[in-house]
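Welcome! Take a moment to turn the model around on your screen, and then we will walk through it together.

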Amino acid sequence: MKRCLFFLLALPLAAWSDVKEVEFGTTRDGKTVHQYILTNRHGLEARVMSYGATWTHLIYPDQMDVLLGFDDLAGYLAGHPYFGSTAGRVANRIARGKFELDGKTYLLATNNGPNHLHGGEEGLDKVVWQTEPLDQGVRFRYRDADGHNGYPGNLDIQVTYTLSDEDELRIDYEARSDQATPINLTNHAYFNLAGGGTILDHELWLHAASYTPVDETLIPTGEIAPVQGTAFDFTTPHSIGRDIQKAGGYDHNFVVQGQGMRPVARVRDLKSGRQLEISSDQPGVQFYTGNFLDGKLSGKKSTAYPKNGAFCLETQHFPDSIHHANFPDTVLRPGQTYQTSTVHKFRWKQP
């Protein structure tokens, strides 16, 4: 009887997890894009789609969506600043759009001033991925072909999104290549925990005692500098807007303390009580405050996104690592497996 009772009690809990597949639109070359709606037992909802392996929505139980983006595929196809995209093959910037590896020089697109950004003109954010629905999530797969965007090697990638009943959205990345190649994958979600306005009064804590200063084109100088006494010190929680003018806007890589899976950041909207905690095994996190949003881009429900209307916390290897021997290595070689994970935990005031 005890075993039967346990089964009856456990079954309803397992049934709360839900994954629904819907058509989200068609690309210009006729490919169907699917969206997956993940819902946990508390009513937290995440939506992801096969175009760009993109995270499109994060909806709290009070129905507030805290991700910037669009409600249809057309918005993404029209061009956008990587809302929720899987960025790569190398996320962030590579100086002057070229690098040398094993004695050979590779030329990449310069799609961000003089530099290469987020994989180039057609990065992983602009392709349709194969999909595999799971019990509590979905797995996306894509082969980035040898020579595509200038990168060497056929790179087989999978990105898995899982929403748990502990209110955690987990992203697992895995990749293998048949040639040596740099790789740095991340998700480029834009968050606004208030659901609108700016994020300047959000409170941020970063588990980072140092950061990588940049030049005028946002390429790291190679220095690893302490944050203490600067506008980049978030080791004690404070509002994002407190020192943002001194920093000239945040678009910088922070060096996460420790090794393995550990806390990276915590952000709170004090008015609503919504909170985001991020953990990862990556060595860095790019903190970006929507400096290039200008109020002209209309997103969900035709909402205009103002400057500083969102923050990004992109767990990653350091930008331009391929040119800095003192930065963590980003080269993946044949026979190796690239594996990394990031967890987003959401909290809110309980009614």
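Which residues have the most contacts inside the largest nonpolar core? They are W55, F311, L313 and F346, in a core of 59 residues. Strand β12, which covers residues 155–163, supplies the largest share of this core, with 5 residues. A second, separate core has 16 residues, and V33, L68, Y76 and Y288 are among them. Please keep in mind as you read that this is a predicted model.

Let us stay with F346 for a moment. Setting aside its neighbours within four places in sequence, F346 is in contact with L44, W55, L58, Y60, D167, L169, F191, Q275 and L276. One of these partners, W55, is also listed with F346 among the residues with the most contacts inside the largest core.

Now for the overall picture. The protein chain contains 3 helices and 26 strands. Its radius of gyration is 20 Å, close to the 20 Å that the globule rule gives for 351 residues, so the chain is as compact as a globular protein of that length. Along its principal axes, the C-alpha trace spans about 70 × 45 × 45 Å. Of the 351 residues, 54% count as buried. The accessible surface comes to about 15300 Å², and carbon and sulfur atoms hold 50% of that. Among contacts with a separation of 6 or more, 64% are between residues 24 or more positions apart.

| Strand pair | Residue ranges given | Bridges |
|---|---|---|
| β23 and β24 | β23: residues 284–288 | 5 bridges |
| β16 and β21 | β16: residues 203–206; β21: residues 262–268 | 4 bridges |
| β21 and β22 | β22: residues 275–280 | 6 bridges |

L204 stands opposite V267 in β21, while the bridge partner of V267 in β22 is L276.

Key
Residues numbered from 1 in each chain as written. Predicted model: local features only at pLDDT ≥ 70, side-chain atom pairs only at ≥ 80, totals over all residues. Heavy atoms only, no water. Pairing = 2+ DSSP bridges. Helix = DSSP H or I, 4+ residues; strand = E, 2+ residues; numbered from the N terminus. Core = buried A, V, L, I, M, F, W, Y, C linked by side-chain atoms within 4.5 Å. Buried < 20%, exposed > 50% of the residue type's maximum accessible area, 1.4 Å probe, protein only. Contact = heavy atoms within 4.5 Å. Rg over C-alpha atoms; globule rule 2.2 N^0.38 Å. Areas by Shrake-Rupley, 256 points an atom, 1.4 Å probe, with all protein chains shown as cover.
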